[in-house]
Amino acid sequence: MALTGTRMESTGKTKKIMLGKILFITSKYGGLPQGLINSLKRMQTDYVQVPIWRMTETFHEFKPATMIFFHQNFKEWDESIANEVTNLSCHKIAWDWEMPWQIDEIVPYHGLFSFILVQDKSSCSALNARVNNKAIFVPHAADPESNPHFETVPFQYRSDLCFIGAAYPSRVKFMREVLPHLKDYKVVIGGTGWEFLPDTAGQ
């Protein structure tokens, strides 16, 4: 099934585009969430996901019509990455999950993308003032197959304190400082990169 999207032209009009085969470019901060994978399968989408360091190789093998740069840390991008992206000819979309913190980081690279998907509505308006109205508000959602509704939280998931998120260096530093003071509480941490903690599989 071929997905469709729209692109803002310089005239201010929108143009319908076929997304076709999609190559998701992920980062060291993790791949696509299971709920999104489930949705792509239900839509029978022809897609592949690879980390950014395999981008060019996979592009030539898979020959996508669209590349979606998913959950990138644009502070880590530089001219060499921008040139590599520029040399790959197809529709390109940035799907950011870190607004408003990445507004300043993504602006220098907005010319690489047809549009930018953001999860924060206020950030979308602020970003559009700087990127020629390329930003589109796409709120987070929960896939019902991956996240069944519970009237009450099952016992094994109950906690006094719960944190959900990847193990960014600043978060790891914070947790290492705080956890020794929380020994009398049940603390649940969910996300990628926490495998070093005791009694956890990192999820």
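The model is predicted. Its six-stranded sheet is open and parallel, in the order S4-S3-S5-S6-S7-S8. A cis peptide bond joins Met99 and Pro100, and the side chain of Gln119 reaches the backbone oxygen of Met99.

**Sheet**

- S4 and S8 are the edge strands, each pairing on one side only.
- From one strand to the next, the twist averages 25°.
- Strand S3 (residues 22–26) pairs with S4 in the parallel sense, over five bridges.
- Within this part of the sheet, Ile22 stands opposite Tyr47 in S4.

**Helices on the sheet**

- H1 lies across S3, S4, S5 and S6. Its direction runs at about 150° to S4.
- H5 packs on the sheet and touches S7 and S8. The direction of H5 makes about 165° with that of S8.

**Helix H3**

- H3 spans residues 79–86, and Ile81, Ala82 and Val85 are buried there.
- Seen down the axis of H3, these buried residues fall within an arc of 100°, so they line one face of the helix.
- The cover over the buried residues of H3 includes helix H2 (55–62), strand S5 (66–70) and S6.

- The cis peptide bond between Met99 and Pro100 has an omega of about 10°.
- Pro100 sits in the loop between strand S6 (91–96) and helix H4 (103–106).
- Gln119 belongs to another loop, between strand S7 (115–118) and H5.
- Gln119 counts as buried because its relative accessibility is 17%, under the 20% cut-off.
- The side chain of Gln119 comes to 2.9 Å from the backbone oxygen of Met99.
- Leaving aside neighbours within four places in sequence, Gln119 is in contact with Asp96, Trp97, Glu98 and Met99, and also with Phe137, Val138, Pro139 and His140.

- Gln44 is not a glycine, yet its phi is positive, at about 55°.
- Gln44 lies in the loop between helix H1 (34–42) and strand S4 (47–51).
- With a relative accessibility of 57%, Gln44 counts as exposed, because the cut-off is over 50%.
- Asn133 also has a positive phi, of about 60°, although it is not a glycine.
- Asn133 is placed in the loop between helix H5 (121–128) and strand S8 (135–137).

Note on methods
Residues numbered from 1 in each chain as written. Predicted model: local features only at pLDDT ≥ 70, side-chain atom pairs only at ≥ 80, totals over all residues. Heavy atoms only, no water. Helix = DSSP H or I, 4+ residues; strand = E, 2+ residues; numbered from the N terminus. Buried < 20%, exposed > 50% of the residue type's maximum accessible area, 1.4 Å probe, protein only. Polar contact = N/O pair within 3.5 Å; in protein donor to acceptor, adjacent residues only side chain to side chain. Contact = heavy atoms within 4.5 Å. Arc of directions from axis to C-beta. Pairing = 2+ DSSP bridges. Axes fitted to C-alpha atoms, helices over the stretch in contact; angles between N-to-C directions.
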